[in-house]
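Here are my notes on the model you sent over.

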Amino acid sequence: MIRRAIYPGSFDPVTNGHLDVVDRARKLFDEVIVAVAHNDQKHPLFTLEERLDFLRSTIGKLDKVEIAPLNGLLVNFAVARQATAVIRGLRAVSDFEFEFQMALMNRKLEATVETIFLMPKEEYTYLSSRIVKEIARLGGEVGEFLPAPVAQALRAKLNSERSGQ
Ligand code: ADP
């Protein structure tokens with residue numbers, strides 16, 4: 001039986017922290033599906049297609065990795081794709097409460113899907129898509145936190161937002 005995991009998120013945009021988690025998950029599973037949620041309530045900076053493209057161009061060709069859009073309920077997607085695990089990254093205690101609630105609710109909805117938490121390298125524990133966007137918006141350098149094409153796209157997006165205002 002193939003051991004398949006889903007790594008869901010907004011990936012708005014993908015950071016080196018996300019990539020660290022994918023790397024760790026690949027060592028534990030035969031296949032990792034990186035599933036990108038629409039997340040309209042979060043008002044993402046990048047469209048779903050842009051977020052998928054960033055992932056495709058950085059890790060899309062890696063062995064054992066698939067990139068897919070995530071529609072509907074996560075556990076339904078997991079069952080449909082015959083995945084037995086959901087991967088989430090845990091950076092700090094501050095992530096814990098929300099993640100704990102989600103994991104238990106997902107287990108209640110679908111008992112066959114287990115949530116697995118992976119801790120990134122220490123240097124990524126303070127990294128989030130939100131903080132990277134904030135730094136870039138304020139003119140800071142974000143090159144060391146993002147894959148190079150993503151950093152470039154972020155600068156371009158913020159420049160076009162600025163010139164459109
Ligand atoms: P969501 O909106 O679902 O939280 P994110 O794209 O922000 O989506 O994050 C997806 C997953 O990756 C979450 O489990 C989050 O905790 C994890 N994650 C985000 N940044 C990092 C990081 N720097 N190190 C480890 N895990 C991370």
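1. Some ground rules. This is a predicted model, in which local features need pLDDT of at least 70 and side-chain atom pairs count only at pLDDT 80 or more, while totals for chains, interfaces and linings use all residues. Residues are numbered from 1 along each chain as its sequence is written, and side-chain values use heavy atoms, with hydrogens and water left out.

2. The shell around the ligand. The ligand is surrounded by 17 residues, and the closest are Tyr7, Ser10, Lys42, Gly89 and Leu127; a residue counts as near if one of its heavy atoms lies within 4 Å of the molecule. By class, seven of the shell residues are nonpolar, six are polar and four are charged. Here Ala, Val, Leu, Ile, Met, Phe, Trp, Tyr, Cys and Pro count as nonpolar, Asp, Glu, Lys and Arg as charged, and the others, Gly among them, as polar. At least two shell residues each come from β1 (4-9), α1 (16-28) and β4 (85-89). Helices (H or I, at least four residues) and strands (E, at least two) are DSSP runs, numbered from the N terminus.

3. Polar atoms at the ligand. Which distances would you look at? A side-chain N or O atom of lysine 42 is 2.4 Å from an oxygen atom of the ligand, and for histidine 18 the corresponding distance is 3.1 Å. A polar side-chain atom of serine 10 lies 2.6 Å from a ligand oxygen. Of the 550 Å² of accessible area that the ligand has on its own, the protein covers 90% (Shrake-Rupley method, 1.4 Å probe; for residues, only the protein chains shown count as cover).

4. Serine 10 in its setting. Serine 10 lies in the loop between β1 and α1. Why does serine 10 count as buried? Its relative accessibility is 15%, and buried means under 20% relative accessible area, exposed over 50%, and partly exposed in between (1.4 Å probe, protein chains only). Its side chain also makes a polar contact with the side chain of asparagine 39, at 2.6 Å. Such a contact is a pair of N or O atoms within 3.5 Å; within protein, one must be able to donate a hydrogen and the other to accept it, and residues adjacent in sequence count only if both atoms are side-chain atoms.

5. Backbone features to check. Most residues other than glycine have a negative phi, and most peptide bonds are trans. The peptide bond from aspartate 12 to proline 13 is cis, with omega near 0 degrees, and proline 13 sits in the loop between β1 and α1. Histidine 43, not a glycine, has a positive phi of about 45 degrees; its place is the loop between β2 (31-37) and α2 (48-59). Glutamine 82, also not a glycine, has a positive phi of about 55 degrees and is in the loop between α3 (74-80) and β4. Histidine 43 counts as exposed because its relative accessibility is 66%, and glutamine 82 counts as exposed because its value is 61%.

6. Two more residues. Arginine 4 belongs to strand β1 and is buried, with a relative accessible area of 13%. Arginine 4 and threonine 84 are 80 residues apart in sequence, and their C-alpha atoms are 6.2 Å apart. Methionine 105 is in helix α4 (residues 93-109) and, at 47% relative accessibility, counts as partly exposed.
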